[in-house]
Every structure is written in C-alpha cells, then in structure tokens.
Amino acid sequence: MLVTQSGKLVEIKKWDVGIFFPTCTFLTISANKWYKEQPPRKSGTLVGYERLLERVNAIKFFIDLYFCDIEKVAMENPIGIMSSVFRKPDQVLQPWMFGHGETKGTCLWLKKLPKLIWAKEDNLFEEKTAVEGREQRLHKLSPSDERAKLRSKTYTGIAQAMAEQWG
C-alpha cells in the first residue's frame with residue numbers, strides 16, 4: 001500500500017517504471033580524497049576504511065535497485081565509481097541541455113527505457129532551448145548545512161523530460 005501526496009491510499013501490485021536517484025555521497029568521484037587512511041575529521045566526514053565500507057554498501061544498493069523486479073528502470077547519479085564497477089552509463093546529460101544554465105554531468109543507466117531527447121535534438125521542448133551561458137556554480141558553493149542538498153537536486157527540466165518521455 002502507498003499513500004499519495006493527496007492522502008489517497010493506493011495498492012500497486014507491480015510497478016511499470018522505476019526511476020531511482022540513489023544517494024551519491026559514496027558513489028561520486030568528487031570525494032575520492034576521503035578514501036585514503038587519515039585521522040578522523042572533526043566534521044564527522046567518514047574517511048579511510050569506514051568510508052570504503054559505505055561505498056561498498058552504496059554500490060550494492062545501486063546494483064540491487066537496477067536489477068529489481070521492475071521491467072523498466074532508470075538510475076541517475078553523477079559521474080562516479082559505477083562507471084567502472086558496474087558499467088558505463090547509457091547517457092550522460094547536462095542541465096543546460098534542458099533549459100538550465102548549469103554544467104553538472106548527470107549519468108543515466110537505463111533498463112528498457114530510451115535515452116532522453118533534449119531540446120536541440122528535435123525541439124521536443126519548444127518553450128525551452130539549450131542554454132548558451134553555462135557555468136559550474138554547484139562546485140563553487142560555500143560550505144553550509146544546505147550544500148549537499150543543493151548539489152544533489154534534480155533539475156526540473158530533466159525531471160520534466162523524464163515524466164514526458166517515460167511517463
């Protein structure tokens with residue numbers, strides 16, 4: 001049983017599509033410096049062997065999701081370890097392809113789903129075009145309690161493309 005946003009109770013016997021966004025903390029390459037043995041961090045950031053154990057768990061979770069009992073699956077994650085321990089992604093997107101002025105390599109591993117078509121390929125999103133002025137703002141964010149949340153956000157243009165093309 002599942003409760004929808006409107007509060008309705010729904011029974012789903014079999015999912016048609018699973019679109020998963022597993023946490024990238026231990027899968028991304030941007031934190032590789034924390035895998036070497038070093039003294040514990042005051043911030044609480046896991047390092048060394050403890051971090052490696054979390055990476056192993058994250059890899060297993062990712063692979064279990066991909067091979068779950070759902071016919072069509074999309075896995076989203078940034079460029080990271082899954083390209084070498086699992087397989088290369090089927091598609092690498094950029095937010096600027098879907099109307100956002102950002103650069104952030106976003107990988108998709110697809111099972112029985114087509115690659116997403118972006119604005120310039122066939123004018124699918126007539127009101128949006130690929131953005132010309134692109135910058136890497138997310139990597140320049142100052143340390144804060146919100147930084148991880150802001151960096152992991154899915155861009156609405158990409159989410160809209162997923163809903164329209166796979167829905």
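## A guided tour of the predicted chain

Begin with the cysteines: a search of the whole structure turns up 0 disulfides (a disulfide being a pair of cysteine sulfur atoms within 2.5 Å). Select Cys24. Cys24 is partly exposed, at a relative accessible area of 23%. Now select Cys68, which is partly exposed at 22%. The accessibility classes are these: buried is under 20% relative accessible area, exposed is over 50%, and partly exposed lies in between, with a 1.4 Å probe and protein chains only.

Before going on, note that this is a predicted model, in which local features need pLDDT of at least 70, side-chain atom pairs count only at pLDDT 80 or more, and totals for chains, interfaces and linings use all residues. Residues are numbered from 1 along each chain as its sequence is written, and side-chain values use heavy atoms, with hydrogens and water left out.

**The whole chain**

Zoom out and colour by secondary structure. The chain has 5 helices and 6 strands. Both are DSSP runs numbered from the N terminus: helices are H or I, at least four residues, and strands are E, at least two. From the N terminus, the order reads β-β-β-α-β-α-β-β-α-α-α.

Switch to a surface. The chain exposes about 10800 Å², and carbon and sulfur atoms supply 55% of that area. Accessible areas here come from the Shrake-Rupley method with a 1.4 Å probe; for residues, only the protein chains shown count as cover. Of the 167 residues, 37% count as buried. Among contacts (heavy atoms within 4.5 Å) with a separation of 6 or more, 59% join residues 24 or more positions apart.

**Salt bridges**

The structure holds 4 salt bridges. Each is a side-chain nitrogen of Lys or Arg within 4 Å of a carboxyl oxygen of Asp or Glu. Side chains of opposite charge can pair when their charged atoms come close.

Select Lys14 and Asp69. They form a salt bridge, with the closest N and O atoms 3.3 Å apart. Lys14 sits in the loop between strand E2 (9-10) and E3, and Asp69 in the loop between H1 and strand E4 (72-78), so the pair ties together parts 55 residues apart in sequence. Lys14 is partly exposed at 49% relative accessibility. Asp69 is exposed at 65%.

Next, select Lys60 and Asp64. Their side chains meet in a salt bridge at 2.6 Å, N to O. Both residues lie in helix H1, 4 residues apart, about one turn of the helix. Lys60 is exposed, with a relative accessible area of 52%. Asp64 is partly exposed at 41%.

Then pick Arg87 and Asp90. In this salt bridge the closest N and O atoms are 3.1 Å apart. Asp90 is partly exposed at 28% relative accessibility, and Arg87 is partly exposed at 26%.

**Gln38 and its loop**

Where does Gln38 lie? Select it: Gln38 is in the loop between strand E3 (17-20) and helix H1 (48-66). Show its side chain. A polar atom there lies 3.1 Å from the backbone oxygen of Lys33. The side chain of Gln38 also reaches the backbone oxygen of Lys36, at 3.1 Å. Leaving out residues up to four places away in sequence, Gln38 touches Lys33 and Val47.

**Last stop: Ala163**

Finish in helix H5 (residues 156-166), where Ala163 is found. Ala163 is exposed, with a relative accessible area of 52%. Ala163 and Ile19 are 144 residues apart in sequence and 9.9 Å apart in space, C-alpha to C-alpha.

How values were computed: Polar contact = N/O pair within 3.5 Å; in protein donor to acceptor, adjacent residues only side chain to side chain.
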